[in-house]
Amino acid sequence: MGSGGGERSSSRNFHLHLSLKKQQQVIRDVPKGCLAIKVGQGEEQQRFVVPVIYFNHPLFMQLLKEAEEEYGFDQKGTITIPCHVEEFRYVQGMIDREQSFHHQNQHHIGCFRV
């Protein structure tokens with residue numbers, strides 16, 4: 001009888017160890033200055049890694065507001081954005097183009113002397 005409980009405990013510890021190892025691997029997949037989020041619902045849900053500067057952008061802030069309305073302000077774990085993945089990719093593209101435009105303008109301004 002005693003050995004059966006030990007096997008269960010050992011199995012549980014092994015599972016816990018694998019879960020922690022997977023979480024550590026996921027954390028390493030996120031570069032410094034970025035955050036992993038989930039987008040979509042159900043089977044459509046996908047994981048994205050976005051720069052933290054997105055969180056200050058008005059379009060992304062609107063998505064966060066929708067997430068708050070859907071899930072409440074006190075989400076546990078990864079932030080989940082409830083919009084469709086394609087809608088998020090569209091917003092992501094707009095933010096990226098805007099960031100690229102600002103970066104190019106700052107670069108060109110720095111190259112010219114007034």
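How many residues lie between β1 and β2 in the hairpin that they form? There are six, and glycine 40 in the turn has a positive phi of about 100 degrees.

This is a predicted model, in which local features need pLDDT of at least 70, side-chain atom pairs count only at pLDDT 80 or more, and totals for chains, interfaces and linings use all residues. Residues are numbered from 1 along each chain as its sequence is written, and side-chain values use heavy atoms, with hydrogens and water left out.

**The sheet**

Helices (H or I, at least four residues) and strands (E, at least two) are DSSP runs, numbered from the N terminus. Two strands count as paired if DSSP finds at least two bridges between them. Three strands make up an open sheet in the order β2-β1-β3, with mixed pairing. Its edge strands, β2 (46-51) and β3 (79-81), each pair on one side only. From one strand to the next, the twist averages 40 degrees; axes are lines fitted to C-alpha atoms, for helices over the stretch in contact, and angles run from 0 to 180 degrees between N-to-C directions.

| Pair | Direction | Bridges | Facing residues |
|---|---|---|---|
| β1 and β2 | antiparallel | six bridges | cysteine 34 and proline 51 |

Contact here means heavy atoms within 4.5 Å.

**Threonine 80**

Threonine 80 belongs to strand β3. Is threonine 80 buried or exposed? Threonine 80 is buried, because its relative accessible area is 11%; buried means under 20%, exposed over 50%, and partly exposed in between (1.4 Å probe, protein chains only). Apart from neighbours within four places in sequence, threonine 80 is in contact with Lys38, Gly40, Gln45, Ala67, Tyr71 and Gln75.

**The nonpolar core**

A nonpolar core is a set of buried Ala, Val, Leu, Ile, Met, Phe, Trp, Tyr and Cys residues joined through side-chain atoms within 4.5 Å. The largest one has 15 residues, and Ile37, Val39, Val50, Phe60 and Phe88 have the most contacts inside it. Two or more residues of this core come from each of β1, β2, α2 and α3 (85-111). Helix α3 gives the largest share, four residues. Valine 50, leaving aside neighbours within four places in sequence, is in contact with Gly33, Cys34, Leu35, Ile37, Phe55, Phe60, Phe88 and Gln92.
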